[in-house]
Amino acid sequence: MKNTVYKDCRLTMKENENHKTIIKIGEINIGEDFLMIAGPCSVEEEDIMFRISEELVKNGVRFLRAGAYKPRTSPYSFQGLGEKGIAILEKIKNKTGLKIVTEVLDEYSFDKVDQVADILQIGSRNMANFSLLKRVGKQKKPVLLKRGMSATLSEYLMAAEYIMNEGNPNVILCERGIRTFDNHCRNTLDIAAVPSLKKLTHLPVIVDPSHAAGERDLVIPLSKAAIAIGADGLIIETHLIPAESWSDADQAISVSQLGEILDFIHAQSLNKPFKKIKKIA
Ligand code: PEP
Ligand code: MN
């Protein structure tokens, strides 16, 4: 390997061109089928969560995102519903069959989150929380590891290496925007990180356009860019009444905007063999 910054990427590096990790959850093979995760930033009241979930199911989305434990910049901001949020997610999971993607904020709340999560999300702010990485590495549930907002790709891969080194090979990477000199967006979506990561690693790579954009009007174009560049999936903050979201309201998109992105994905698959997203007609 030419670049020595990757010398310790023992488990994350591709062994050959065709080396690819496929993570199976239900009928979806992540890394092969397009992974679409949608839902509000935070878990909200049960009624609205059910209504959002029903819309997602109607559109063929199988993974619901929503945080019960939220990493907020300000200690005065809403911190998430905690255990009450986990209970709501559990009801939704049982009634709708949606798979749950939710954040593990710390080791204290791990057991609660683990009760309901199908995919454990590690947030950008926790990418280098090595004890938390080791904790999620000690179990086999897939981990959605977001890129730290100031992390280089080698630092990012080393974070994944922490998880894998504990025995969990099921890591999904997620580019969610990084800090740059320009603040015209909340973060700068490092679109080149997607093909660069895919060249280096066998792990699936998805994109979070919501936290990169910071405003809903940019979410559709950034999603299209992610699809065009070969991302294995998207995680998008979506709400029935986006402006009323309890957190990250400015960047939440509506269900009909999500529909536009889903149509774009389906249209691609008409022209060439494209990663399937299964849609209910
Ligand atoms: C989130 O997904 O709501 C979130 C906090 O994301 P990030 O860790 O990328 O900021
Ligand atoms: Mn958010």
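Trainee: Which side chain puts a polar atom 2.9 Å from the backbone oxygen of His211?
Mentor: That of Asn187. A polar contact here is an N or O pair within 3.5 Å, one able to donate a hydrogen and the other to accept it; sequence neighbours count only if both atoms are side-chain atoms. The model is predicted, so local features need pLDDT of at least 70 and side-chain atom pairs 80 or more, while totals for chains, interfaces and linings use all residues, and side-chain values use heavy atoms, without hydrogens or water. Residues count from 1 along each chain as written; chains are lettered from A and ligands numbered from 1 in written order.

Trainee: Is Asn187 buried or exposed?
Mentor: Buried, at 5% relative accessibility (buried is under 20%, exposed over 50%, partly exposed in between; 1.4 Å probe, protein chains only).

Trainee: New topic. Which residues are the protein donors of the manganese ion (ligand 2)?
Mentor: Cys41 (SG), His211 (NE2), Glu237 (OE) and Asp248 (OD), 2.1 to 2.4 Å from the ion. Donors are N, O or S within 2.8 Å of the metal (3.2 Å for Na, K and Ca); water is absent, so sites may look incomplete.

Trainee: Where do Cys41 and His211 lie?
Mentor: Cys41 is in the loop between strand S3 (35-39) and helix H1 (46-58), His211 in helix H7 (residues 209-213), so the pair ties together parts 170 residues apart in sequence. Helices (H or I, at least four residues) and strands (E, at least two) are DSSP runs numbered from the N terminus. Cys41 counts as buried at 5% relative accessibility, and His211 at 8%.
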